[in-house]
Amino acid sequence: MAVPTQVKLDARRLRADFPIFGEQIHSKPLAYLDSASSAQKPRQVLDAMREFYETSYANVHRGVYTLAVRSDERYEAARETARGFVNASSPREIIFTRGATEGLNLVAYAWGLANLGPGDVVLVTELDHHSNFVPWQFIAQRTGAAFRVLPIDDAGELQLDALDEMSASGTVKVVACNFVSNTLGTINPVERLAGWAHDQGAILVVDAAQAAPHVVVDVQALGCDFLALSSHKLCGPTGAGVLWGRRELLEAMPPFNLGGSMIRSVSAAKTTWNELPYKFEAGTPAIGEVVGMAEAMSYISAAGLDAIARHEHELLEHALDRLSEVPGITLYGPSPERRAGIVSFNLDGIHPHDVAQVLDWEGVAVRAGHHCTQPLMTKLGVAATTRASFYVYSIPEEVDRLVAGLHKVKRSLG
Ligand code: PLP
């Protein structure tokens, strides 16, 4: 019997799909190592959006004319693509949002305000992005619930043995965590957190903004209750995202945004809500962006999420290996097998913004800052890091140019 071989990602072939790599930066080819912030867009996504606007665009869920029906069909086909992408059991569980931030705020406001109160505990983690940290902190304050933060260990992994102590201060109602940390790349044990949360009678809200572009996200296998992602991080346009929620929870929740499309009937005496998912999609949605997002989901699915994860893992190992040659470097985060293709580091005595500036002169784009994870920066004892992150189009030469650039940084600023 033939042994199935793992398909290897052909990053060089995929890279040719991305027009941005034709650009020169300071007369040098672009080395784009900031995909964790936002991914570049392939021609297929750009073409799909152009074709949609040129042939099928009208507002959705309003018109009966041919073009409006065509637009409706494309928009709802995108919902089906998104359903398949996260393996939801029904398209009614797929809410189109403007991005992960909006999806997480939707849950915090609509579910949180209706379900939290004094004596309850809201638990987030030290790894969380502000998008998942701050809305829960705010809603906990509004409702009188306690707000607790699960710490990480020195390797950058969640301290799961601290969970039970967290529940001592009240009834845990919400656990909110990211699937993949945008700063350290840590892959969190979402299934275990779901099991623990459900044992407490709590829901698990997963921020998959950083996971969905890089690993298979299967909401049924994860066992979570809500999951949010952004289009722009998975090669789609900005301004679109998905919130998946368990149908019974979404049905029971009040709406978040109010206005057109999300109502069934309106009168001065009483307004009633539309069925799922429209109850949570007030106003004209980002129609062309949703079409582009679906194309991006198809694009990365065709490349293969497992192949993407293996490709990034190889780049990560190469990067950790090469970066450790740089004198005075501190690398943050867990061992390569426990993380996605993200490397955060600092150079002794040189501010990350200066590092990023000098690297830009070499055509190397990296992110410097707190990466919207200030509680994590506090834990690491730094104000900021420099972060390099990889995606489908990343190639080892870009890592080598990063390392060469860092030697230059040391020579000019060290
Ligand atoms: N969560 C994580 C882990 C992220 O990395 C990001 C973006 O950097 C977000 C949430 C917020 O995503 P968006 O800005 O697309 O809403």
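1. How much space lies in the largest pocket? The figure is about 250 Å³. The model is a predicted one, and the values below are computed from its atoms.

2. The lining of the largest pocket consists of 22 residues. Those that lie nearest the pocket centre are His129, Ser131, Ala209, Gln210 and Lys233. Sorted by class, the lining holds 11 polar residues, six nonpolar and five charged. Helix α4, residues 100-115, supplies the largest share of this lining, namely three residues.

3. On overall dimensions, the protein chain has a radius of gyration of 22 Å; this agrees with the value near 22 Å that a compact globule of 414 residues would have. The C-alpha trace spans about 70 × 60 × 55 Å along its principal axes.

4. Secondary structure in the protein chain amounts to 14 helices and 17 strands. Considering contacts between residues at least 6 apart in sequence, 71% of them join residues at least 24 apart.

5. Of the 414 residues in the protein chain, 56% are buried. The accessible surface of the chain is about 16700 Å², and carbon and sulfur atoms account for 52% of that area.

6. Ser71 sits in helix α3, which covers residues 66-86. Its relative accessible area is 0%, and because buried means under 20%, Ser71 counts as buried. With residues up to four places away in sequence not counted, Ser71 touches Phe52, Ser56, Tyr57, Ala58, Asn59, Val60 and Ile287. As for a distance to a residue elsewhere in the sequence, Ser71 and Pro255 are separated by 184 residues in sequence and by 25 Å in space, C-alpha to C-alpha.

7. The second residue is Leu331, found in strand β13 (residues 329-332). Is Leu331 buried or partly exposed? The relative accessibility of Leu331 is 31%, so this residue counts as partly exposed; the class in question lies between the 20% and 50% cut-offs.

8. Between Leu331 and Asn346 the C-alpha to C-alpha distance is 6.8 Å, with a sequence separation of 15 residues.

Notes: Residues are numbered from 1 along each chain as its sequence is written. This is a predicted model: local features need pLDDT of at least 70, side-chain atom pairs count only at pLDDT 80 or more; totals for chains, interfaces and linings use all residues. Side-chain values use heavy atoms; hydrogens and water are left out. On a 1 Å grid over the protein atoms alone, a cavity is a set of points where a 1.4 Å probe fits but cannot get out, and a pocket is an open set with protein on both sides within 12 Å along at least five of seven lines; lining residues have an atom within 4 Å of a point. Grid points are joined across faces, edges and corners, and a volume is the space filled by probe spheres set on the points. Helices (H or I, at least four residues) and strands (E, at least two) are DSSP runs, numbered from the N terminus. Ala, Val, Leu, Ile, Met, Phe, Trp, Tyr, Cys and Pro count as nonpolar, Asp, Glu, Lys and Arg as charged, and the others, Gly among them, as polar. The radius of gyration is taken over C-alpha atoms; the globule rule is 2.2 Å times the number of residues to the power 0.38. Buried means under 20% relative accessible area, exposed over 50%, partly exposed in between (1.4 Å probe, protein chains only). Contact means heavy atoms within 4.5 Å. Accessible areas come from the Shrake-Rupley method with a 1.4 Å probe; for residues, only the protein chains shown count as cover.
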